[in-house]
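Me: Hello! Could you walk me through what is on display, one question at a time?

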Amino acid sequence: RPVDDMLTLLKTHFHPGDVEGKFSLEISQGLRGSKLSHSHGTQYTFVLQTLCLWQKVTENMFRLWILAERDLLSDSQYRLANTGQGMNRVQNAPKISHAMHTILSKVQQSAGSWVGLSVVHLGDRDVPNALVFIDKYTQVARLLKPIVDCIAALPLLGTDPKTAHIISKYGGGESPPEVFPSYF
C-alpha cells in the first residue's frame with residue numbers, strides 16, 4: 001500500500017515535463033549527497049519506474065518468498081564472505097533471479113524507455129543471497145509508510161492550533177511542504 005500511495009503522490013504533485021517552482025525533482029552531482037545529475041523529467045521517470053518495479057515486486061512477494069526458500073535450501077554451494085555488511089552466506093539464487101528478471105522485463109516493457117540500471121543483484125557483495133534479497137524488498141514499504149502517513153496528516157495538522165503555524169511556515173496543509181521533492 002505505501003508504494004501505491006507514493007505512486008499516487010508522485011503522479012498527483014509532479015509531471016515529467018512541468019516543474020512548478022519549488023517542486024523540481026532535478027538532482028545535481030555534489031548537492032545534498034547526489035552522485036549524479038538528472039533533469040526534473042529524467043528524475044521523475046526514474047522515480048516512477050522504480051516505484052512501478054517495487055509495486056510489482058510487492059505484488060509478487062509471496063511467490064518470490066517461496067522461490068527464495070527453494071534457492072536457499074537447494075544443493076547450490078555457498079561460501080561465507082565479508083560483503084561489507086558483515087559475514088554473509090553468499091549463494092546464487094537462480095529461481096528468484098529468473099523471476100526478478102521476468103518482473104523487471106515486464107516493468108521495462110510497460111515503461112517504454114528505461115532510465116535506471118537493468119541489473120538484478122543476487123549472490124554478490126550487494127545482495128549475497130535470496131534471504132537478503134527478500135529482506136531488502138520487504139523494507140521498502142516500511143521505509144515509505146512514515147512518509148505517506150506524514151503527508152496524509154498535513155491537512156489535519158494544518159488546522160490544529162498547536163501545529164498550524166509550523167505547517168504553514170513550510171508550505172504544508174493543503175499543499176505538500178517544501179521538503180516534499182526530497183522524498184523522490
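This is a predicted model: local features need pLDDT of at least 70, side-chain atom pairs count only at pLDDT 80 or more; totals for chains, interfaces and linings use all residues.

**A first look around**

Me: In what order do the elements of the chain run?
Reply: The chain has 6 helices and 2 strands. Helices (H or I, at least four residues) and strands (E, at least two) are DSSP runs, numbered from the N terminus. Starting at the N terminus, the order is α-α-α-β-β-α-α-α.

Me: What share of the chain do buried residues make up?
Reply: The chain has 184 residues. Of its contacts (heavy atoms within 4.5 Å) with a separation of 6 or more, 62% join residues 24 or more positions apart. As for buried residues, their share of the chain is 36%.

Me: Which helices do the buried residues of H1 pack against?
Reply: H1 covers residues 2-13 and reaches 16 Å from its first C-alpha to its last, close to the expected 16 Å, which is 1.5 Å times one less than its number of residues. Its buried residues are Pro2, Val3, Asp5, Met6, Leu7, Leu9 and Leu10. The helices they pack against are H2 and H5.

Me: How do H1 and H2 lie, roughly parallel or roughly antiparallel?
Reply: Their axes are 9 Å apart and the helices pack at an angle of about 155°. Axes are lines fitted to C-alpha atoms, for helices over the stretch in contact, and angles run from 0 to 180 degrees between N-to-C directions. Under 35 degrees is roughly parallel, over 145 roughly antiparallel, 65 to 115 roughly perpendicular, and the rest oblique. That makes H1 and H2 roughly antiparallel.

Me: How many nonpolar residues are in the contact of H1 with H2?
Reply: On the H1 side, Val3, Met6 and Leu10 are among the residues that take part, and on the H2 side Tyr44, Leu48 and Trp54 are among them. The contact also has 2 polar and 2 charged residues; Asp, Glu, Lys and Arg count as charged, Ala, Val, Leu, Ile, Met, Phe, Trp, Tyr, Cys and Pro as nonpolar, and the others, Gly among them, as polar. The number of nonpolar residues is 10.

Me: What is the handedness of the crossing of H2 and H5?
Reply: H2 (residues 40-59) and H5 (residues 130-159) have axes that come within 10 Å and cross at roughly 120°, which makes H2 oblique to H5. A crossing is left-handed if the near helix is turned anticlockwise from the far one by less than a right angle, and right-handed if clockwise. The crossing of H2 and H5 is left-handed.

Me: Which residues of H5 meet H2?
Reply: From H2 come Leu51, Leu53, Trp54 and Val57. By class, this contact has 7 nonpolar, no polar and no charged residues. The H5 residues are Tyr137, Val140 and Leu144.

Me: How far apart are the C-alpha atoms of His101 and Val120?
Reply: His101 sits in helix H4 (residues 94-111) and is partly exposed, at 36% relative accessible area. Along the chain, His101 and Val120 are 19 residues apart. Their C-alpha atoms are separated by 7.1 Å.

Definitions and conventions
Residues are numbered from 1 along each chain as its sequence is written. Side-chain values use heavy atoms; hydrogens and water are left out. Buried means under 20% relative accessible area, exposed over 50%, partly exposed in between (1.4 Å probe, protein chains only).
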